[in-house]
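Hi everyone, thanks for making time.

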Amino acid sequence: MIDSHCHLDHEPLFKNISEVIARSKKIGINKLLTICTTIKSFENIIKLIDLDKIIYGTFGIHPHESEKDIINKEEIINNTEKHKKIIGIGETGLDFFYNHSNHDKQISSFKVHIEASIETNLPLIVHSRDAEEETYKILESYKNHNLKILMHCFTGSKEFSDKLLNLNTFFSASGIITFKNSNELQETFKDIPNEKLLVETDSPFLAPIPMRGKKNEPSYLIYTLKKLAEIKSLSNEEMINITTNNFNSLFSN
């Protein structure tokens, strides 16, 4: 199993990292992709990727932080090239749900990340909330550049997923698909081709049922994976193989 999106630099994961890794390995996780959200967080991600062979990282600025952490394409490229275990760019994207940062700054930051992804040929980890039309319009404008796109914690509409599939996009399911009010999202994932599916925890956030209310961690990935297997009418083992192969295919550079 592979957790395609977690935040091991966040607490309580970071201070208990040895136990978190041990529990991850115990349930069969063989890769953890810890995601960068700020320039500051990257300092701890560098420590984490050197801590254990199963930990990989990314570099990028979360849309909420795009007003404070302003970076250029060269900075992104330099930070990915320095470390062979930095295998993706992001998380980046657009979040218009909260008023944490200026929309124009988010868009500008998103485009910088996209251009770095094109130049490095590294997958782009995209966060999109309340911004489907704007997210798609920007990604579609780069359609001739063979972008490697991963929609993290996908909660978008069926229409949005259909349009993104035309851009050769991958979709990561989080614990949200286990929630009781997620029927529409479950139906959307049912229609996404198996070869485009990944799973994630987004830990320490969004703990799946039956761990709802607790701080999430990578070992809880099994609950999301089981639910996705149920949605797709597959065995757990089949879903493990599918999502593992998809991750390795997307992140092979």
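This is a predicted model: local features need pLDDT of at least 70, side-chain atom pairs count only at pLDDT 80 or more; totals for chains, interfaces and linings use all residues.

Residues are numbered from 1 along each chain as its sequence is written, and side-chain values use heavy atoms, with hydrogens and water left out.

So, the cores. By nonpolar core I mean buried Ala, Val, Leu, Ile, Met, Phe, Trp, Tyr and Cys residues joined through side-chain atoms within 4.5 Å, with buried being under 20% relative accessible area, 1.4 Å probe, protein chains only. The largest one has 64 residues, and Leu8, Leu139, Met151, Leu164 and Phe189 touch the most other members. Helix 8 gives the most to this core, six residues; helices here are DSSP runs of H or I, at least four residues, and strands are E runs of at least two, numbered from the N terminus. There's also a second, separate core of 11 residues, including Leu33 and Phe170.

Phe189 turns up again in the rings: ring pairs link it with Phe154, Phe160 and Phe171 into a cluster. Pairing takes ring centres of Phe, Tyr or Trp (its six-membered ring) within 6.5 Å.

Last, Leu206. You'll find it in the loop between strand 8 (197-199) and helix 8 (221-231). Leu206 is partly exposed, at 23% relative accessible area, where partly exposed runs between the buried limit and 50%. Leu206 and Glu119 are 33 Å apart, C-alpha to C-alpha.

Methods
Rings of Phe, Tyr and Trp (its six-membered ring) pair if their centres lie within 6.5 Å; planes under 30 degrees apart count as stacked, over 60 as edge-to-face and the rest as tilted.
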